[in-house]
Amino acid sequence: MKHSFIDQYSDSNSVIHRLDPRTKFLATLAFILAVTLTPPHHGQAFWVYFALVSVLILLSRVPVLHILKRSLVIMPFVLLVAIFVPFLKENGLQLFLTVVVKAWLSILSLVLLMATTKIPSLLEGLEWLRLPRVMVMILSFMYRYIFVLVDEVMRMRQARDSRNFGGSRWWQLKTIGSMVGTLFIRSYERGERVYVAMLSRGFEGHSRTRENLGFKLADAYFGISFGLALFLAGVFGFWGG
Amino acid sequence: MNEVIKIENLSFIYPDGQSALSDVSLTIHLGERVALVGPNGAGKTTLLLHLNGILPSNGQVKVFGSAVMDGNLKEVRRRVGLVFQNPDDQLFSPTVFDDVAFGPINLGYSEAEVRQSVAQALRWVGMTGFEKRSPHHLSLGEKKRIAIATVLSMSPEILVLDEPTANLDPRSKWALISLLKRSTMTLIIACHDLELVRAVCQRVVIIDQGRIIAEGSTENILGDMPLLQAHGLAPDGSKTA
């Protein structure tokens with residue numbers, strides 16, 4: 001079965017797609033930092049951030065609807081955390097809105113990053129940025145095997161449904177529980193087989209890497225202008241509010 | 001003749017007390033193509049895991065004249081390339097290139113050497129141009145070829161394959177068989193696909209319940225119906241293969 005739900009659209013081509021993954025990752029990080037550090041009473045700044053990320057989304061030519069849909073996934077979690085704020089604090093409503101807006105802006109930039117960067121090159125970028133090797137490996141295994149696991153879950157579900165899954169709610173829960181258990185054991189055993197396959201090819205617990213990335217002039221332009229825009233947005237927020 | 005692998009009186013008991021191999025002795029010569037044939041659970045895979053030191057032996061396994069020990073594991077694993085049955089275990093990297101490059105990188109090849117060995121290995125299995133693909137998006141036949149390439153990139157002298165044709169459709173299977181026939185390496189193939197054995201191997205070793213039952217030329221062994229029937233390799237009472 002084919003899936004591409006993680007980095008869908010990442011293999012199309014645009015100014016943003018062509019940027020070095022490291023540039024994009026650092027820009028996203030800076031953007032999120034700027035957004036989260038902006039105090040709640042500097043409302044206008046958020047419009048500037050929004051304009052900034054919108055321009056990038058348009059430049060990336062990723063369908064806007066896709067990005068919007070993806071960005072809403074985070075909302076239930078944000079609401080769950082922030083829903084009580086209006087009742088507990090003075091000025092709570094403003095605070096609540098700020099939290100929601102900040103979360104949404106941050107997730108917008110992350111969705112954009114994922115939609116314009118292939119996971120393998122993002123991982124390479126993270127490694128170059130000195131993210132510990134173990135973390136990079138965990139992420140890369142996750143990316144490689146999440147699809148295999150999804151397939152496995154689908155096959156298990158088909159097998160279950162073919163045997164007429166029904167009965168009481170309690171019985172259904174028990175069935176799902178044992179499916180989860182089976183899945184865990186299978187994954188664990190697969191982990192051992194993968195490790196043996198790695199050992200067979202000379203793996204010794206640490207891996208050397210190769211360099212495949214290159215900053216281009218476009219990255220410099222983008223970095224400078226994006227940094228400047230963020231800086232101006234911050235300044236605008238502080239004096240404008 | 002030139003002995004490349006010599007196994008003498010090898011027995012192996014898994015930690016849970018299950019006996020997997022008992023008193024196995026086997027010699028493989030340079031350039032030979034040998035099939036290890038036996039029913040499921042006969043101990044074929046366990047035997048293969050001894051050939052490159054994944055499972056420990058006390059000097060009963062000799063590769064190129066020297067016993068497999070902790071000190072020479074790396075060398076042994078380069079010279080004996082082991083291809084596992086399930087390509088989803090063998091291919092664990094985000095891209096095909098990364099996977100084929102894994103062995104050479106672990107062996108400490110230079111950047112240029114890595115690229116060259118990857119290109120060569122992919123050309124040999126007819127998969128040039130798949131470097132940037134994700135293993136998950138390949139067909140099983142393609143995955144099998146890539147899995148072989150991941151080992152070939154380390155330029156092994158002995159190629160060991162576990163069930164190379166399992167689950168393949170006839171077209172992919174015969175493509176793989178013609179690939180194997182082209183090789184000049186020493187081949188050791190564990191399987192119970194007698195068509196594959198007949199097409200590729202000159203010598204057959206029959207294993208059942210952890211013991212070597214018979215060995216001889218492909219013609220003699222595959223012509224011996226009662227022998228095949230006794231070990232679940234041919235239908236009972238049938239006179240045709």
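**Exercise 1.** How many residues of chain A are in contact with chain B, and how many of chain B with chain A?

*Solution.* Before counting, note that this is a predicted model, where local features need pLDDT of at least 70 and side-chain atom pairs count only at pLDDT 80 or more, while totals for chains, interfaces and linings use all residues. Residues are numbered from 1 along each chain as its sequence is written, with chains lettered from A and ligands numbered from 1 in the order written. Now count: 24 residues of chain A are in contact (C-beta atoms, placed from the backbone, within 7 Å) with 28 residues of chain B. Next, find where they sit: α8 (119-128), α9 (133-162) and α10 (169-200) of chain A each give two or more residues to that side. Of these, α10(A) gives the most, with 7 residues.

**Exercise 2.** Work out how the strands of chain B are arranged.

*Solution.* Start with the order: β2-β1-β4-β5 of chain B make an open, antiparallel sheet of 4 strands. (Strands are DSSP E runs of at least two residues, helices H or I runs of at least four, numbered from the N terminus; two strands pair if DSSP finds at least two bridges between them.) Then the edges: β2 (19-29) and β5 (66-67) of chain B each pair on one side only. Zoom in on β1 (residues 3-13) of chain B, which is joined to β2(B) by 7 bridges. There, B:I13 is opposite B:S19 in β2(B).

**Exercise 3.** Decide how well the model scores.

*Solution.* Look up the overall scores: ipTM is 0.83 and pTM 0.80. Then take chain B: its mean pLDDT (the predictor's confidence in each residue, from 0 to 100) is 91, and 98% of its residues reach 70 or more.

Conventions. Two residues are in contact if their C-beta atoms, placed from the backbone, lie within 7 Å.
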